Amino acid sequence: MSQSTGTHVPQLSVIDSLNNAPISFFHLRAAFTAGMGFFTDAYDLFIIGSALVFIKPEWHLSDTQIAFLGSISLIAAFLGAFIFGRLADVVGRKRIYGLEALLMAIGGLACAFAPSFAWLLVFRVILGIGIGGDYPMSAVLMSEYANAKKRGALTSLVFGMQGLGLAFGPVVALTLEASGLPPDSIWRIMFAVGALPPLAVLYLRRTMPESPRYKALVRGDVDDAAKDMAIYSTGQLQAEVEQKTKPSRIGLGQMLSNSKYLLLILGTGGAWFLNDYAFYGNAISTPEINKMLAPTSSTMTGSAWALIIFVAFAIQAIWPLFSSWMPSDTDGCSGLASP
């Protein structure tokens, strides 16, 4: 809290207060809570490529079965994103945030104990729905908690955690392969490790207050939004307690029939489609591609090359995102805001 100078400083509205807030601890807490979801999303989606190296000979899988195991979570993620994204708009972020993390944890653990191909397929569907649900939830919440000047950087920081999760998969694979464990234990532990990050942030997600922007702009509960914001930021953000207002809303049909919104959706969604088409297929299939290029190489060699590729092209590409959120000397603050 700033020291009183004897001069009256008017409080800002909820939205203005959020937009003008300097980077502070509650921003980093929100970024960590949301970012661990993206970290887990990437790990759980792409670890299947490393796991299939051991599952394929053990269960004598055909190419069709391998294709199903590699892609089923992506299909389920589409369903999960649609369901959770819509629920977040209808019932609020607070009520469902953390449920998708719980699904990821349950799905990861269930995959680790899968007794057959069919059951593993079912568990990958559960996992995929949780992953898909996490994408809109974590991205939207970070965007709604961020200030105006660093909103893009903070949201990118959350997305950047996906690159770390991508590289973490080969690290786990290399560690387990070097341990001398039997193949059946290696791939099961790979899946089980994916349950740890969402469990670690489950409490943080369930205790986050409702998004102040959602409360103020969608529900019209501006006074409650101001109180929640003050509590979550430990008093660093104070806003006026205003009267409840009736928000103006448009339906999904109205939005899709509006040429401006439709063009925005097609532009952003189309760009993501093209990115995902190339990215997910290549990343999941990296161990198989490496095996085809070097059929006599060991599994450890394949995992090492996967790690090199991911670090070289994913980690270094997202590094600017991890530094871009830091306040500069012209931001009006130096470092994190202190209470």
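Over which residues does pLDDT stay under 50, with 22 contacts beyond four places in sequence? Select residues 327–339. A contact here means heavy atoms within 4.5 Å, and pLDDT is the predictor's confidence in each residue, from 0 to 100.

This is a predicted model, in which local features need pLDDT of at least 70, side-chain atom pairs count only at pLDDT 80 or more, and totals for chains, interfaces and linings use all residues. Residues are numbered from 1 along each chain as its sequence is written, and side-chain values use heavy atoms, with hydrogens and water left out.

**Stop 1: confidence**

Colour the chain by pLDDT. The mean is 82, and 84% of the residues reach 70 or more. Helices (H or I, at least four residues) are DSSP runs, numbered from the N terminus. Go to helix α8 (residues 183–193), where confidence is highest, at a mean of 95. Then go to helix α15 (residues 299–324), where confidence is lowest, at 74. Next select residues 1–11, where the pLDDT is below 50. Beyond near neighbours in sequence, this stretch has eight contacts in the model.

**Stop 2: aromatic pairs**

Show the rings of Phe, Tyr and Trp (its six-membered ring): they pair if their centres lie within 6.5 Å, with planes under 30 degrees apart counted as stacked, over 60 as edge-to-face and the rest as tilted. The structure holds 12 aromatic pairs. Select Phe39 and Phe168, a tilted pair with 5.5 Å centre to centre and 45° between the planes. Phe39 lies in helix α2 (residues 25–59) and Phe168 in helix α7 (residues 151–178), so the pair ties together parts that are 129 residues apart in sequence.

Check accessibility with a 1.4 Å probe, protein chains only: buried means under 20% relative accessible area, exposed over 50%, partly exposed in between. Phe39 is buried, at 11%. Phe168 is partly exposed, at 30%.

**Stop 3: the largest pocket**

The search runs on a 1 Å grid over the protein atoms alone: a cavity is a set of points where a 1.4 Å probe fits but cannot get out, and a pocket is an open set with protein on both sides within 12 Å along at least five of seven lines. Lining residues have an atom within 4 Å of a point. Grid points are joined across faces, edges and corners, and a volume is the space filled by probe spheres set on the points.

The largest pocket has a volume of about 2400 Å³. Its lining takes in 44 residues. Centre the view on Ala81, Gly85, Pro136, Ile265 and Thr268, which lie nearest the pocket centre. Helices that each supply at least two lining residues include α3 (63–90), α6 (117–145) and α13 (259–284). The largest share, 11 residues, comes from α13.

Colour the lining by class: Ala, Val, Leu, Ile, Met, Phe, Trp, Tyr, Cys and Pro count as nonpolar, Asp, Glu, Lys and Arg as charged, and the others, Gly among them, as polar. The pocket lining divides into 29 nonpolar, eight polar and seven charged residues.

**Stop 4: cavities**

Three cavities reach 30 Å³ or more. Select its lining, including Ser50, Val53, Glu177, Asn290, Lys291 and Gly302. Here α15 gives the largest share, four residues. The lining holds three nonpolar, seven polar and two charged residues.

Move to the second largest cavity, with about 70 Å³ of space. Among the residues lining this cavity are Phe46, Ile47, Leu166, Pro170 and Phe310. Helices α2, α7, α14 and α15 each supply at least two lining residues. By class there are eight nonpolar, three polar and no charged.

**Stop 5: single residues**

Select Lys215 in helix α10. Lys215 is buried, with a relative accessible area of 12%. Not counting residues up to four places away in sequence, Lys215 touches Glu210, Gly220, Asp221, Asp224, Ala225 and Asp228.

Jump to His60, in the loop between α2 and α3. Phi of His60 is near 55°, a positive value in a residue other than glycine. His60 is exposed, at 67%.

Finish at Thr155 in helix α7. Thr155 counts as buried, at 16% relative accessibility. Beyond four places in sequence, Thr155 is in contact with Ala139, Met142 and Ser143. Thr155 and Leu141 lie 9.1 Å apart, C-alpha to C-alpha, and 14 residues apart in sequence.
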